[in-house]
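I set out below what I looked up in one protein structure. The entries follow the order in which I worked.

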Amino acid sequence: MEELGLDETPDNESLISSLVADAQLITLNSISGTATQDDYKDNNLFNRAVKTLATQLFYDRTLSEGASLGYQMMVTHLQMGVLPSADTNATSNENI
């Protein structure tokens, strides 16, 4: 909400929550068919990709020109990363 400069109204909060949820699902499915939110909950690059896509969806719900090159680059980096094991940190440089 803050990044978009929106007032915190119930309508705006509902809309943004929906767009963020959609962006999370799209991003997870773009990374891997087996990835889960828990796999990336602490990954800064994943969170930035979700914010980027949610912002795009806010301004263009149909993504009429497709996903931005920046978003595509972030997803590509996430696809190339190794999923963290139980004893590693998802935000370490080794996993990005």
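The entries below go from the whole chain to single residues.

**Entry 1: the model and its overall build**

I noted that this is a predicted model, in which local features need pLDDT of at least 70, side-chain atom pairs count only at pLDDT 80 or more, and totals for chains, interfaces and linings use all residues. Residues are numbered from 1 along each chain as its sequence is written, and side-chain values use heavy atoms, with hydrogens and water left out.

I looked up the helices and strands, which are DSSP runs numbered from the N terminus (helices H or I, at least four residues; strands E, at least two). I found four helices and zero strands, and along the sequence the pattern reads α-α-α-α.

I then looked up burial, where buried means under 20% relative accessible area, exposed over 50%, and partly exposed in between (1.4 Å probe, protein chains only). The protein has 96 residues, and 27% of them count as buried.

For contacts I used heavy atoms within 4.5 Å. Of the contacts between residues at least 6 apart in sequence, 54% join residues at least 24 apart.

**Entry 2: the nonpolar core**

I looked up the nonpolar core, a set of buried Ala, Val, Leu, Ile, Met, Phe, Trp, Tyr and Cys residues joined through side-chain atoms within 4.5 Å. The largest one has 20 residues, and those with the most contacts inside it are Ala23, Tyr40, Phe46 and Leu78. The elements that give two or more residues to this core are α1, α3 (44-59) and α4 (69-80). Helix α3 gives the most, with eight residues.

I also checked Leu78. Apart from neighbours within four places in sequence, Leu78 is in contact with Ile31, Tyr40, Asn43, Leu45, Phe46 and Ala49.

**Entry 3: Thr27**

Is Thr27 buried or exposed? With a relative accessible area of 0%, Thr27 is buried. I located Thr27 in helix α1, which covers residues 10-31. Setting aside neighbours within four places in sequence, I listed the contacts of Thr27 as Phe46, Ala49, Val50, Leu53, Tyr71 and Val75.

I next looked up polar contacts: a pair of N or O atoms within 3.5 Å, where within protein one must be able to donate a hydrogen and the other to accept it, and residues adjacent in sequence count only if both atoms are side-chain atoms. A polar atom of the Thr27 side chain lies 2.7 Å from the backbone oxygen of Ala23.

**Entry 4: residues in the loops**

I found Asn43 in the loop between α2 (37-40) and α3. Asn43 counts as buried because its relative accessibility is 2%. The side chain of Asn43 reaches the backbone nitrogen of Leu45 at 2.9 Å.

Thr34 lies in the loop between α1 and α2. I recorded Thr34 as exposed, because its relative accessible area is 63%. The side chains of Thr34 and Ser32 make a polar contact at 3.1 Å.

Leu63 is in the loop between α3 and α4, and counts as partly exposed at 22% relative accessibility. Most residues other than glycine have a negative phi. For Leu63, however, I read a positive phi, near 45 degrees.

Which residues does Phe58 contact, leaving aside its neighbours within four places in sequence? I listed Leu4, Leu6, Leu15, Ile16 and Leu19. Phe58 is in helix α3 and counts as buried, because its relative accessibility is 17%. Phe58 and Leu4 are 54 residues apart in sequence, and 8.9 Å apart in space from C-alpha to C-alpha.

Ser17 is placed in helix α1 and is partly exposed, at 49% relative accessibility. From C-alpha to C-alpha, Ser17 and Ala54 are 9.2 Å apart in space, and they are 37 residues apart in sequence.

**Entry 5: the largest pocket**

I looked up pockets on a 1 Å grid over the protein atoms alone: a pocket is an open set of points where a 1.4 Å probe fits, with protein on both sides within 12 Å along at least five of seven lines, and lining residues have an atom within 4 Å of a point. The largest pocket has a volume of about 210 Å³, a volume being the space filled by probe spheres set on the points, which are joined across faces, edges and corners.

Among the lining residues I noted Met1, Glu3, Leu4, Ile16, Asn47 and Lys51. The elements that give two or more residues to this lining are α1 and α3, and the largest share, five residues, comes from α3.
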